[in-house]
Amino acid sequence: MKAAERNINDVKVISYYTGYIVIGTALLMLIPILTSIILKEYEPLIDFIISINISLIIGFGLILIGNTNKDKIYMEWKHGLIVASLSWILLMILCAIPYYLSGHMKSFLDACYDVISGFTTTGVFLLQDIDHLSVSLNLWRHILTFVGGQGMVVLAIMFLSSKTQGAYKMYVGEGKDVELAPNTRNTTRLIWIISLLYFAIGTFVLWINGMFIGLKPMRSLYHAACIFVSAWSTGGFSPMSQNMLYYHSFSYEIVTVIFLVLGALNFGLHYAIWKGNKKEIYKNIEIQTFTATILLTSFFIVKGLARLNVYPNATAIFRKGVYGLLSAHTTTGFMNLYARQFALEWGDFAILVMIIAMLFGGCACSTAGGFKALRIGIVVKGFIADIKKSLISDRRVKTFKYHHLKEHTLDSDVVKSSALIIILYMILFLGGTMLGCYYGYPMLDSAFESASVTGNVGLSIGITSITMPNPLKVYYIIAMYLGRLEFMAVFALIGFTIGGIKKLCIRK
């Protein structure tokens, strides 16, 4: 195949599948459209009708550009990675349209900021006057979080032909690699079955709890669905501007802790336990690491807050300190205190612990962000293995292994790839910290906010606002996007784009 033909084929493959993902996600706008009709919210109804039509036109246009028999094409790894990363950019822009048309956003950039925050399950926002937001738009925010947690590509693959051999490559491009079934299509279905079953259970529990604390039945159901979606997707959005403070309920906080921890666990682990493999809970290196880091950071948070006498008793320390730490470590971002209380009350040590917890994050192939416990466990075990190798005889060959759903050999390539991703996260975090300092924010505040967006957490120390500089907003958007897709898919898109530009320049 000639170079020109290869380039055309690349564009067709990428265009076709990107269009498919755009259409699949755009059709979700039917939910807020129906909600608007039922509740007679006519202005939001018009906003969503405009948005869905624009999205469908672009989606079908991309499919027509592709115009390829999807059962006969060969999707390369670069295609799958680029489709995943490109579809996220397009969907950020398209799904921001109803936000912008609502009149609750200062600019379209702010609307894109909130959409990517939802898709990446981060949870920071620039939306104004949330307490008076239409139900349909507020519901749309939480739909984006729920779909983003599982993945837009994951959603689209469920409806693609099982013969599509490139499905796994797109799936990996979205930052997942767990295989729950022999083919990717069934794997994505299982992911959604797991999520929807938890959704039914979690919403019911929160609904009952909401009525117990004084919410009316229908309002309690609405809040239950939204809060569960944010907890399970480790997204941090709430129907009200005060977030978890709005409920003033210890029982509500306990229920959300359960589901945000479950949401931060690997889908493969959920499936293994459902199949009866309960040993995986304590044999898995990822769970061992995740448990250890949660216990350590919780201990340090308690010590730091107790030393400063920030809270009067153990219950208060748990409700504010440990809850905040778990929200940070699972990258959920639920807040039951005001943003500036971190800076004014917690002290530097506790803030530093929170920064570390946000960067650590949850488990791989979950809805959580951050380094991921699996990578941390592999790097630590690799370091220990190197020490052991240096202490044994040169004539003795010892193979080191780790358990993650099954036995794996701990080779240098696995350790290096895990370390590389952690280094990239650190570079992204440091870049955000430096940019925050450049614009005049205190260093610790800048580090806190940068860790939050890099780890897809959503906690804020007060920097995120409509008044922050636009370059900082753009950097945070990039950080959320890179952190969620874990770099490689985005790098593939950048490389493909630069390569295409170079070819055009050479031809001219």
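## Helix 18 and helix 19

Helix 18 passes helix 19 in a left-handed crossing, that is, the near helix is turned anticlockwise from the far one by less than a right angle. Helices here are DSSP runs of H or I with at least four residues, numbered from the N terminus. This is a predicted model, in which local features need pLDDT of at least 70 and side-chain atom pairs count only at pLDDT 80 or more, while totals for chains, interfaces and linings use all residues. Residues are numbered from 1 along each chain as its sequence is written, and side-chain values use heavy atoms, with hydrogens and water left out.

Helix 18 covers residues 373-391 and helix 19 covers residues 412-438; they pack at an angle of about 125°, and their axes are 9 Å apart. Axes are lines fitted to C-alpha atoms, for helices over the stretch in contact, and angles run from 0 to 180 degrees between N-to-C directions. From helix 18, Arg375, Ile376, Ile378, Val379 and Gly382 meet Val414, Val415, Ser418, Ala419, Ile421, Ile422 and Tyr425 of helix 19, where contact means heavy atoms within 4.5 Å. The residues of this contact are nine nonpolar, two polar and one charged. Ala, Val, Leu, Ile, Met, Phe, Trp, Tyr, Cys and Pro count as nonpolar, Asp, Glu, Lys and Arg as charged, and the others, Gly among them, as polar.

## Helix 20 and its partners

Helix 17 (residues 339-360) packs with helix 20 (residues 443-454) at an angle of about 45°, with axes 9 Å apart. Helix 17 and helix 20 are therefore oblique to each other, and helix 17 passes helix 20 in a left-handed crossing. Among the residues that meet are Phe342, Ile351 and Met358 in helix 17 and Leu444, Phe448 and Ala451 in helix 20. The contact of helix 17 with helix 20 divides into 11 nonpolar, one polar and three charged residues.

Helix 20 also packs with helix 21 (residues 470-485), at an angle of about 45° and with axes 7 Å apart. Glu449, Ser450, Val453 and Thr454 of helix 20 make this contact with Tyr476, Ala479, Met480 and Gly483 of helix 21. By class, the residues are four nonpolar, three polar and one charged.

## Two buried residues

Threonine 332 lies in the loop between helix 16 (314-329) and helix 17. Threonine 332 is buried, at a relative accessible area of 0% (buried means under 20%, exposed over 50%, partly exposed in between, with a 1.4 Å probe and protein chains only). Its C-alpha atom is separated by 5.4 Å from that of valine 457, 125 residues apart along the chain. Beyond neighbours within four places in sequence, the contacts of threonine 332 include Thr122, Ser230, Leu260 and Val457.

Histidine 223 is placed in helix 11 (residues 217-232) and is buried, with a relative accessible area of 0%. Leaving aside neighbours within four places in sequence, histidine 223 contacts Leu215, Pro239, Met240, Tyr246, Tyr247 and Tyr252.

## Cysteines

The whole structure has zero disulfides, a disulfide being a pair of cysteine sulfur atoms within 2.5 Å. The sulfur of cysteine 112 is 10 Å from the closest cysteine sulfur, that of cysteine 95, which is too far for a bond. Cysteine 112 is buried, with a relative accessible area of 6%, whereas cysteine 437 is partly exposed at 31%.

Notes: Parallel < 35°, antiparallel > 145°, perpendicular 65-115°, else oblique.
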